[in-house]
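I opened the file to see how the chains are built. My notes follow in the order I looked things up.

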Amino acid sequence: MQLTGRGARVAGALVLALAGTAHAQSKDDHARDAPAPPLTVDAAPAVVKASSASPLNAHVGTDVAAYADSDHVFVLTPSVAGHLENPTAGWSVDASYLVDVVSAASVDIVSTASRNYTEVRQAGTLGATYKPGDFGGTVNGAISREPDYLSLSGGGSLTQDLRDRNVTLFLGFNHGYDIAGRTDTPFSVFSRTLDTEAVKAGVTLVLDRTTIASFIADTIFENGDPSKPYRYVPLFDPGTNVPNGASVAVVNSLRVAARPLEQLPLSRQRYAGSFRLAHRLHAKATLRLDERLYVDSWALKASTTDFRFLKDFGPVVELGPHLRFHAQSEVDFWQRAYTLGPGFAIPALRTGDRELGPLLGMTGGLSMRLKLGPVANRTAWVLGWDANVTETHFLDDIYLTDKLSVVTGISAEADF
Amino acid sequence: MESGARRPPDSVEERVTHLRANACLLFAILATACAHVRPYDRAQLAHPTMTTDDLSRSAEDHVRAIQEGAMGGGFSAGGGCGCN
């Protein structure tokens, strides 16, 4: 918490200290130049639209995504989103709604002799931005609801453009409140809560006429019990050799009778630094490179590298590959096979979440956008499609050593 | 190996001062490293792919937030993991 306040104060001081001088300079420059498109770290996708009589621009989109993996989890996610803005007045509002239909029969479910299940999650977001000049702010809220889980979050951010919008500072805060329960059991009977505070500070730089870069620092503080209420952890006698990727049958033959619920630490501090570079090549393609480094108080360290190349094939078609590489270490209480301590003591911290173990993930994908609007405004109608295949290699885990997953989706967007 | 007296840990105020100084220095370096591009020179930067937003689909982000311990948290509502 101390670090949160300190980080916020430093970033806030930077914003406020530079706001005054930048405002004076940009006012002078804007008197000579036409208004520039705003560049923000976390703004909604740009909507480029030909001038019209109405001061309002509306953008609507719908999207259907599907996920499937080799561990028998399937998710279908239809969603809709809308954006209304008045660029002259500097305000905009956003809203989105999605439904997740999850069907799972994963090895974790099989190992506990539970039944397959199908579950529906609904989620919505609402946001409003006011940025009449170089300085602006955004407020937003989100809700996610499913039979045994409720997640609420809200926050705001400030943006300051400097040096004729060649530099943009960003500072955001978000608070989240999650309640996890059990299906068909009211939260008043059984629930676990998790409070999350997140601070994000960043800067976006226009490096030249074809290149932008951004640096973002994230700090996330979680307090509460994030343990999964359905996840049981098998225990073994000391000295038992449980091989990597041991099957359900092998684990059941080796484990002791006791099988306690997962128990994770009750607080977590997470820190991430991200760098993003976007470069336009000969006005016909865009090269994007992201790098994110992460560390947290559970000793998990990770690196994520993301690369995209989006090439214009004429005025209508945009097509390109996507590559992503993720590597992470395990948390400091991770064990492939937890063993009983002296006096049959159960380990105080224990997890079966393989997301907390050491893993490598490689993603390859392809995305395509068809700009079908009139010649004067091609992006007025856009159809999109993408597919990404991920191979995840679990380096130290029971049940699974590899998982293959696919995420694909189609989208349609329109401007009015 | 010389075992000299250890320097006492910095106070919170000193750390904040150092952090501010480092942040200002970093910002100064970054701000002067970029060219001054005029608004009429920004046609390339206005292309929709030249955003600093993540281009991933929200469903893809959600899956990663569930399946990678280093992702997630922070600025989006959680839940809906499809896991056990």
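**Notebook: chains and hairpins**

I started with chain A and counted three helices and 18 strands. I am working from a predicted model.

I checked burial next. In chain A, 37% of the 416 residues are buried.

Then I looked at contacts in chain A. Taking those with a separation of 6 or more, I found that 61% join residues 24 or more positions apart.

I moved on to strand 11 of chain A, residues 267–281, and asked how it pairs with strand 12, residues 285–296. The two are antiparallel, with twelve bridges between them. I picked out one pair: A278(A) has R288(A) of strand 12 as its bridge partner.

I looked at the turn of this hairpin. Three residues lie between strand 11 and strand 12 of chain A, and H282(A) has a positive phi near 50 degrees.

I followed strand 12 of chain A to its pairing with strand 13, residues 301–313. These strands also run antiparallel, and I noted eleven bridges. Here Y294(A) sits opposite A302(A) of strand 13.

Which residue in this second hairpin takes a positive phi? I found A299(A), with a value near 75 degrees. Four residues separate strand 12 from strand 13 of chain A in this hairpin.

So much for chain A; I turned to chain B. I counted two helices and zero strands there. Chain B has 84 residues, and 40% of them count as buried.

Conventions: Residues are numbered from 1 along each chain as its sequence is written. Chains are lettered from A and ligands numbered from 1 in the order in which they are written. This is a predicted model: local features need pLDDT of at least 70, side-chain atom pairs count only at pLDDT 80 or more; totals for chains, interfaces and linings use all residues. A residue is buried if 20 or more other C-beta atoms lie within 10 Å of its own, exposed if 12 or fewer, and partly exposed in between; C-beta atoms are placed from the backbone. Two residues are in contact if their C-beta atoms, placed from the backbone, lie within 7 Å. Two strands pair if DSSP finds at least two bridges between them.
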